[in-house]
Amino acid sequence: MTPRTAEARAVERANQAFYDAVENSDLDALESVVLDGPLAESVAVVHPGWPVLRGRREVMRSFALIMANTDYIQFFLTDVEVGVDGDAAVVTCTENILTGGPAEDDGSAGSLVGGLVVATNVFRRTADGWQLWVHHGSPVLAEEDDETEEAEHEE
């Protein structure tokens, strides 16, 4: 294994730890993933449909709000690409997201909704390992709507 491959794998593990923390609504685990220290004020996040949030405190607050208001979320990451250069790394991926509402009165699962978000995650190497510096998620809009598909089938 080359050093670059080892670093890319370490970044991929940090990236997965980020998603695991959000899935599990584990704010403590997220605290250990998000960059702290001298660069804490440069931490930034763009959640789909939100304005940019800057500073570790605001970023952590946003995730706490999301976790408190999300009954169920699961990420299936695809198209994961990792680039490492010195003490910085970039991960691009597609978040295939499954979210759900509260359980039904009879104990069965609540309604589930799927969605796609393309994400860019920037990590910084620290004494504690790779930590998330920037997260940017953009929703993937449908490439074709039903009307376009119907028109193509009529031709």
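How many bridges pair β5 with β6, and is the sense parallel or antiparallel? I looked that up before anything else, keeping in mind that this is a predicted model. Strand β5 (residues 112–126) pairs with β6 over 10 bridges, and the sense is antiparallel.

Next entry, the whole sheet. I get an open sheet of six strands with mixed pairing, in the order β2-β1-β6-β5-β4-β3. At the edges I find β2 (53–54) and β3 (72–85), each pairing on one side only.

I then went to the β2 end. Strand β1 (residues 44–46) runs antiparallel to β2, and two bridges join them. Val45 has Leu53 in β2 as its bridge partner. On to β6 (residues 129–139): β1 pairs with this strand over three bridges, in the parallel sense. There I noted His136 in β6 as the bridge partner of Val46.

Last entry, Ile97. I located this residue in strand β4 (residues 88–100). Is Ile97 buried or exposed? I read a relative accessible area of 15% for Ile97, so it counts as buried, the cut-off being under 20%. What does Ile97 touch, leaving aside neighbours within four places in sequence? My list has Ile73, Gln74, Phe75, Val113, Gly114, Gly115 and Val117. For Phe75 I also took the C-alpha separation from Ile97: 4.8 Å, with the two residues 22 apart along the chain.

Terms used:
Residues are numbered from 1 along each chain as its sequence is written. This is a predicted model: local features need pLDDT of at least 70, side-chain atom pairs count only at pLDDT 80 or more; totals for chains, interfaces and linings use all residues. Side-chain values use heavy atoms; hydrogens and water are left out. Helices (H or I, at least four residues) and strands (E, at least two) are DSSP runs, numbered from the N terminus. Buried means under 20% relative accessible area, exposed over 50%, partly exposed in between (1.4 Å probe, protein chains only). Contact means heavy atoms within 4.5 Å. Two strands pair if DSSP finds at least two bridges between them.
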